[in-house]
Amino acid sequence: MGTAKVAETGGIKAIEDLLGSDARALLEHRCKGIPREAIHLPGPDFIDRVFTPTDRPVPVLRSLQQMFSHGRLAGTGYLSILPVDQGIEHSAGASFAKNIEYFDPENIVKLAIEGGCNAVASTLGVLGTVSRKYAHKIPFMLKLNHNEFLSYPNKYDQIMFARVKQAVDMGAVAVGATIYFGSPESTRQIVEVGTVFQQAHEAGLATVLWCYLRNPAFKTAEKDFHTSTDLSSQANHLGVTLEADIIKQKLPENNGGYLALSTKESPYGKIDKKVYEQLAADNPIDWTRYQVANCYMGRAGLINSGGASSGESDFKEAVRTAVVNKRAGGTGLISGRKAFQRPLAEGVRLLNAIQDVYLCKDVTIA
């Protein structure tokens, strides 16, 4: 099937074709451990229903509504965001050599606009370069901190590159930040991000937290538990404690991180076996539902990341991630490399394919 089919025709049939043999298992699954009735689900009234009772200043509600009211998913309660900060996180050469036009910040913003996204998330330099021309045309989300990948040897530590005032001055509606939960540096990062998120809310900006895990011990000989639902969900819970309005998290690929890392000689964390036996059963939708539950039962929207570009299977993987996120009760996808590491028109089609999942009424909440 051509990669443009979902965007051109829409509908459940196109989605099923892309999912292939996984279609029935993903589209017909029912979550029993955490029922859909327990979740604060996305919808056109999400800001009024969920955020109005909070302590968020009124300008923050307006900023959130601007994002939820833009692009192809406007008015649905779902989000499709283009994030491009990989020039710092993975190096510009590694990120943009496939498409040199994305060395130019304007083309990043153009992709988000033509792709029908709710917002574009990027660096101070990228957004600041074109803010006068585009900040009123698509919501800006300024990523405040980054892990630079030039120090030798490479290290993993999120440091502040931008300030909240700079986000306000360029006309952004939101700020984003990353915390490497589980790392030695996370203690400092938690304090830093908590401070800038308070400043952002006081300035009327929404807050989005990349809740990533980072610790060599999380990767064992058997599995990489950086994408374990029990550990990543606890990262989400720490993130919403900092009053992140939206949580960005990787789609879970396994479970049992606490069990694998904890031994009699070296106990680690705490967990209830009910998490594994009932709440987060062995299914990606249940695993993601548990991530949503740890975002205050959906009061803070969960957006899953699209992951690295892998070539021919990108469309299938992107649509699969969207289906899992939506059926779990999530709020959308934030997908970058799969979109910008290909020609503009094809990147637009990929973003549209993701959005079509959220627009398709036949893809229901499990």
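Contact here means that heavy atoms lie within 4.5 Å. By that criterion, and not counting residues up to four places away in sequence, Gly 256 touches Phe 225, Ser 228, Asp 230 and Tyr 276. The model discussed throughout is a predicted one. Gly 256 sits in the loop between strand S8 (246-249) and helix H12 (257-261). Because its relative accessibility is 10%, Gly 256 counts as buried.

**Overall architecture and confidence**

The secondary structure of the protein comprises 17 helices and ten strands. Its radius of gyration is 19 Å, close to the 21 Å that the globule rule gives for 366 residues, so the protein is as compact as a globular protein of that length. Along the principal axes, the C-alpha atoms fill a box of roughly 55 × 50 × 45 Å. Buried residues account for 56% of the 366 residues. Of the contacts between residues at least 6 apart in sequence, 73% join residues at least 24 apart.

The average pLDDT is 94, and 97% of the residues score at least 70. Residues 1-9 have a pLDDT below 50; beyond near neighbours in sequence, this stretch has 18 contacts in the model.

Helix H10 covers residues 186-202; at 1.5 Å a residue its 17 residues should span 24 Å, and its end C-alpha atoms are 24 Å apart, which agrees. Which residues of H10 are buried? They are Ser 186, Gln 189, Val 193, Val 196, Phe 197, Ala 200 and His 201. Seen down the axis of H10, these buried residues fall within an arc of 140 degrees, so they line one face of the helix. An α-helix has 3.6 residues a turn, so residues three or four places apart point the same way. The face of H10 turned away from the buried side carries the exposed residues Thr 187, Val 191 and Glu 202.

The buried residues of H10 pack against several elements, including helix H5 (58-68), helix H9 (164-169), strand S6 (174-181) and strand S7 (206-213). H10 is followed by Gly 204, whose phi is positive, near 90 degrees. Gly 204 is also one of the residues touched by Ser 63, together with Val 173, Leu 205 and Ala 206, not counting residues up to four places away in sequence. Ser 63 belongs to helix H5 and is buried, with a relative accessible area of 4%.

Helix H17 (residues 344-359) has 16 residues and reaches 22 Å from its first C-alpha to its last, close to the 22 Å expected at 1.5 Å a residue. Its buried residues include Val 348, Leu 350, Leu 351, Ile 354 and Tyr 358.

Thr 227 lies in the loop between S7 and helix H11 (229-241). It is buried, with a relative accessible area of 11%. Not counting residues up to four places away in sequence, Thr 227 touches Lys 250, Leu 251, Pro 252, Glu 253 and Asn 254.

**Cysteines**

A disulfide is a covalent bond between the sulfur atoms of two cysteines. How many disulfides does a search of the whole structure find? The search finds zero. Cys 117 is in no disulfide, and the nearest cysteine sulfur, that of Cys 360, is 19 Å away. The sulfur of Cys 360 is itself 18 Å from the closest cysteine sulfur, in Cys 31, which is too far for a bond. Cys 117 counts as buried at 1% relative accessibility, as does Cys 360 at 7%.

**Backbone exceptions**

Most residues other than glycine have a negative phi, and most peptide bonds are trans.

| Residue | Phi | Relative accessible area |
|---|---|---|
| Ser 91 | near 85 degrees | 28% |
| Tyr 296 | about 55 degrees | 38% |

Ser 91 is placed in helix H6 (residues 86-96), whereas Tyr 296 is found in the loop between helix H14 (284-293) and strand S9 (301-305). A cis peptide bond joins Tyr 152 and Pro 153, with omega about -5 degrees. Pro 153 lies in the loop between S4 and S5.

Key. Residues numbered from 1 in each chain as written. Predicted model: local features only at pLDDT ≥ 70, side-chain atom pairs only at ≥ 80, totals over all residues. Heavy atoms only, no water. Helix = DSSP H or I, 4+ residues; strand = E, 2+ residues; numbered from the N terminus. Expected span 1.5 Å × (residues − 1). Buried < 20%, exposed > 50% of the residue type's maximum accessible area, 1.4 Å probe, protein only. Arc of directions from axis to C-beta. Disulfide = S-S within 2.5 Å. pLDDT = per-residue confidence, 0-100. Rg over C-alpha atoms; globule rule 2.2 N^0.38 Å.
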